[in-house]
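Here are some exercises to work through with the model open beside you. Try each task before you read its solution.

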Amino acid sequence: MNTPDTTIEKSSGNVFADLGFDAEEAQHLVLRSELMRAIRKHVESSGQTQQQAARLFGVTQPRLNMVLKGRINEFSLDALVSMLAKAGMRVELKVKKVPARKAA
């Protein structure tokens with residue numbers, strides 16, 4: 001059985017950058033995806049219905065469903081931080097310098 005040649009590239013550490021998004025958008029997408037994952041984890045572990053969880057997060061059930069389905073383009077960082085704060089969670093931010101990339 002013949003297999004096509006495969007090229008393996010080292011990840012930049014940001015899947016969105018690896019997919020071709022510009023650096024600014026890739027960083028926004030990483031942060032939004034992390035916040036959405038935190039919301040999903042809370043909903044799954046709480047045993048609440050989506051309707052109950054939506055009330056806790058201060059949104060409608062259809063809006064919460066968009067988070068749970070990963071509709072990342074529907075949410076700003078502000079909206080996701082607000083949802084988590086309404087549910088009694090604190091979002092912490094850490095800023096660090098990105099190491100310089102070596103020229104190829």
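**Exercise 1.** Leaving aside its neighbours within four places in sequence, which residues is Asn14 in contact with?

*Solution.* Before we start, please keep in mind that this is a predicted model. Begin by placing the residue: Asn14 lies in the segment before H1. Now look beyond four places in sequence, and you will find Asn14 in contact with Ala26, Gln27 and Val30. Next, turn to the side chain of Asn14, which reaches the backbone nitrogen of Phe16 at 2.8 Å. Finally, check the accessibility: the cut-off for buried is under 20% relative accessible area, and Asn14 has 12%, so Asn14 counts as buried.

**Exercise 2.** Find Ala17 and decide whether Ala17 is buried, partly exposed or exposed.

*Solution.* Ala17 belongs to helix H1, which covers residues 15-18. Its relative accessible area is 31%, so Ala17 is partly exposed. Apart from neighbours within four places in sequence, Ala17 is in contact with Ser12 and Ala26. For a sense of distance, pick Phe57, which is 40 residues from Ala17 along the chain: the two C-alpha atoms are separated by 30 Å.

**Exercise 3.** Work out how helices H2 and H5 are oriented to each other, and list the residues through which they meet.

*Solution.* Start with the geometry. Helix H2 spans residues 23-46 and helix H5 spans residues 77-86; their axes come within 10 Å and cross at roughly 25°. Angles under 35 degrees count as roughly parallel. H2 and H5 are therefore roughly parallel to each other, and their crossing is left-handed.

Then collect the residues. From H2 come His28, Leu31, Arg32, Leu35, Met36, Ala38 and Ile39, and from H5 come Leu77, Leu80, Val81, Met83 and Leu84. Sorted by type, the residues of this contact are 10 nonpolar, one polar and one charged.

**Exercise 4.** Determine how H3 and H4 are oriented to each other, and sort the residues of their contact by type.

*Solution.* Helix H3 (residues 50-57) packs with helix H4 (residues 61-68) at an angle of about 95°, and their axes are 8 Å apart. This makes H3 and H4 roughly perpendicular to each other. The contact is made by Gln50, Gln51, Ala53, Ala54 and Phe57 of H3 with Gln61, Leu64, Asn65 and Leu68 of H4. By type, the residues of the contact of H3 with H4 are five nonpolar, four polar and no charged.

Conventions: Residues numbered from 1 in each chain as written. Predicted model: local features only at pLDDT ≥ 70, side-chain atom pairs only at ≥ 80, totals over all residues. Heavy atoms only, no water. Axes fitted to C-alpha atoms, helices over the stretch in contact; angles between N-to-C directions. Helix = DSSP H or I, 4+ residues; strand = E, 2+ residues; numbered from the N terminus. Parallel < 35°, antiparallel > 145°, perpendicular 65-115°, else oblique. Left-handed = near helix turned anticlockwise from the far one by under 90°. Contact = heavy atoms within 4.5 Å. Nonpolar A, V, L, I, M, F, W, Y, C, P; charged D, E, K, R; others polar. Buried < 20%, exposed > 50% of the residue type's maximum accessible area, 1.4 Å probe, protein only. Polar contact = N/O pair within 3.5 Å; in protein donor to acceptor, adjacent residues only side chain to side chain.
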